Number of protein chains: 2
Amino acid sequence: MWATVVSLQLLVLFVIAFDDLQDAIEHREQLLRKELDMMLGSDIVLSDSEQKANEIIMKLKHHELDGGLENPGQFNVSKHFFSYKDEIKKSPLFHILRQMPKGALLHTHDTGVLSPDYNLKLTYMDNLYVCFEENDIRFHFSLDTPKDTCETRWQLMNEARFSSGDVEKFDADIRSHFSLVIDNPHEVYTDINAVWKRFQYFFIATHGLLTYKPIWEQYFYDSLKAVREDNIMYLEVRSVLPELYDLYGNKYDAIATAQSYKDVLDRFMNDYPDFYGAKLIYAPLRLVDRATIRGKLEIAKEIKRKFPDFFAGFDIVGQEDLGAPSKTFLPEFVEYSNEVDYFFHAGETNWNGMSTDENLFDAILLDTRRIGHAFALIKHPHLLNEVVRKDIGLEVNVVSNSVLKLVEDVRNHPLAAFLAQNLPVVLGSDDNGVWESDPLTHDFYVAFLGVSSRHADLRVLKKLALNSLYYSAYKNKDKIVHEFEIRWTRFIHDTIKYYR
Amino acid sequence: MWATVVSLQLLVLFVIAFDDLQDAIEHREQLLRKELDMMLGSDIVLSDSEQKANEIIMKLKHHELDGGLENPGQFNVSKHFFSYKDEIKKSPLFHILRQMPKGALLHTHDTGVLSPDYNLKLTYMDNLYVCFEENDIRFHFSLDTPKDTCETRWQLMNEARFSSGDVEKFDADIRSHFSLVIDNPHEVYTDINAVWKRFQYFFIATHGLLTYKPIWEQYFYDSLKAVREDNIMYLEVRSVLPELYDLYGNKYDAIATAQSYKDVLDRFMNDYPDFYGAKLIYAPLRLVDRATIRGKLEIAKEIKRKFPDFFAGFDIVGQEDLGAPSKTFLPEFVEYSNEVDYFFHAGETNWNGMSTDENLFDAILLDTRRIGHAFALIKHPHLLNEVVRKDIGLEVNVVSNSVLKLVEDVRNHPLAAFLAQNLPVVLGSDDNGVWESDPLTHDFYVAFLGVSSRHADLRVLKKLALNSLYYSAYKNKDKIVHEFEIRWTRFIHDTIKYYR
């Protein structure tokens, strides 16, 4: 009798526990599902072939991730970018992402696309003079010794090189001015200003080199080529539109520089008709006064008038933390807001609530079409809502943010949260050549492997590519998306063919 | 005539531009206001005195912040905690935060509260034997040579010390086992496992030392004292409740260990009746099998039965990334969910979407009262909603997360976003003694200066303190909040008196 009571009680207990457990397991599944359904790309339905390719890609992703969890010291993507940027090129996942149609590149600066080796090669050209200063190297093409001031003296580059005694060392030194990559970034780049200071050397060294009109045009042509080869179909490029020069003392203003770009683009489109073109975001330096910005906005209007299809809009550039917050120019930006579209940099900072952080408010207030970086946006819940309401694209540059010291371990990049809540993200690469990465593949690799959830799959990749078309200034969206789909199908086919 | 038309047009343009600008400025103010109104603490209305104290505090905060923006290399809080933890003690802001009533300390582990110097002093006690192994130092109190295995041999500690030839060096070596603090953390703690490995040395070295019953009780008494001196009025402490021992071969099980704590607490409350008490969260190790967890849950029930006012709830501890995700124990946790309250660690990881990350799902599913760490929660928008809906407190340990390598620059800690959107945050300190910081002041300083917005003021500080009372397991909330308000008023008075 007692035995029966006891076993009945046990049975009841067991049944209740089991029911609760089943409930709990189902509820857990629901929670996971709800979370995944909020993720960027969750609205994409994969075809049968895409599912096959997805299996291949996810197997590779999980293999790399799970090895990292076991051995975090070996997990590349959480370390400094310089330590793994070349090694990952051996990864099959990297190869697939390189082949993948990535849509548009929407955040890049014109003189930062090509590699230091490319720039070094330029220094072998005739008529190039060099001036070695304490920290800087400056270049100038000229038929005679340049008149520009030089702390030491102008020498013909080829003479300087071959009288140096050690051409290899000489070239390595020159090359170091074209790259931020060093062996010991943790020791040298101790804070954000230290790395930006070195970045200034880059701008000074490349200025006289790249603003020589023939090189300027070749550089842009070769940039378009590099972008196309990284399986990008369309480009929006930011430029300060510097004054160009030639051997004969001619100077070319911003309008003429824009004209140069337009001519090169036309030539490139003629040579590579499968490319979908490029547009210009005129982006002069921010560390100036209001009158200067007003002048630049007038130039923007003029460029728009002259090249309505080539001009995308306006932005200002330079390290945000150093001052000249956007609100300084609010009167000018308001005044011209009906004349030009804005594509403002904002929130490339981790100073929470300081004037530079508030550039996000100005950008959104001024109905910016997209936000460059938006790194600090995660700390602004109301602005996050506004970004969604106004459908403002976020140009996230994850590799740039790690190289330029905003975040150490990319797993802490706010992109993880942006992707999780399906914010309008596109990936950019900022100045990929300066850290010797591909125009977009490295950024996709780091974002996919290091930042996105282990569950994020081919759908997040496809959505990021589609977002880049949707948030671009390219007019005929149907046409470009249609062509993207064709290329995407070919990519899926090839992935299955080569990797299964 | 033309002149009139032209000037009228100019006037119209000017007026329109001015109106737009005024609109823009007002709209900008609104955006900023809305954002600030969402912040943690925004519901608090400051009295006149509080406003005066707030001015003092904000002046100090802005001074430290603005110096940092100008000279980021000099900004302490963005660097490694070890490099500034002592220096900031000179800061008047730190002094004020030390004096500030901070409410309750809800996330701390019992053997990590006191400093390495405290532990070192314990090694001068009689009857202490030491065993030096390859990486570890182990201790045991005994009347004769301990029987426990030792890779080398057990020696009387005082003999070992004074035969070492260099007591200072000997003690420094011993002390290093009680602390994670080193001069070159960037070089030694290269990844999360490296720092956790050293953390294991701490646990091994302190085990035999602190589980000696007389020390165990003294350590808890002195911990309560340190907590009270840091202007904390109430404590919830996690403990694995290890087996204690004494000189006479007696062993004390988890229940007896809990009894020890209860007795010490009673004695402490008698000595310091202004303290508001402590509760126990029984938190055994997670790296065990299901049967073991079931056994621990039975013990938890028993402790709850014996000490209903002292027992708060149950948790499991240990580096989350190493395995044993919470879902392993889902059947057991579901079964006991009506018997004990849960206070689960979850999301102390930056592996997005991996099994360890999903501990957050289990914790929330199981109606955890609070979440320990919740570092990864920012990557889970649906869980963020659930946390708010279920009113689950988030025990954020910002210093711990930086020391244990989850985040390098605390400005990237998700706490910034949690504060911005007024999530139910409380600050904890995890194992403050192991990184030689105060029970809570360092965490408040880092959170206030390094993480919260420049605009976050006294209200965020007060709300964090109030949250710690609200999300505690302390029953009589009215009583403790009333006493808090009295102390707060005194603190405000003193701040105005000494700092204006």
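Domain bounds here come from an automatic or database domain assignment. The model is predicted: local features need pLDDT of at least 70, side-chain atom pairs count only at pLDDT 80 or more, and totals for chains, interfaces and linings use all residues. Residues are numbered from 1 along each chain as its sequence is written, with chains lettered from A and ligands numbered from 1 in the order in which they are written.

**View 1. Domains 1 and 2 of chain A.** The assignment gives domain 1 (83-114 + 213-494) and domain 2 (118-178). Their C-alpha centres lie 31 Å apart. Contact (C-beta atoms, placed from the backbone, within 7 Å) involves 4 residues of domain 1 and 7 residues of domain 2.

**View 2. Helices α10 and α11 of chain B.** Helices are DSSP runs of H or I, at least four residues, and strands are runs of E, at least two, numbered from the N terminus. The axes of α10 (residues 213-229) and α11 (residues 254-271) come within 9 Å and cross at roughly 45°; axes are lines fitted to C-alpha atoms, for helices over the stretch in contact, and angles run from 0 to 180 degrees between N-to-C directions. Residues that meet include B:Trp216 and B:Phe220 in α10(B), and B:Tyr261 and B:Val264 in α11(B).

View 3. Strand β8 (residues 278-282) of chain B is joined to β9(B) by 3 bridges; B:Leu280 has B:Phe311 as its bridge partner in β9(B).

Note on methods
Contact = placed C-beta atoms within 7 Å. Pairing = 2+ DSSP bridges.
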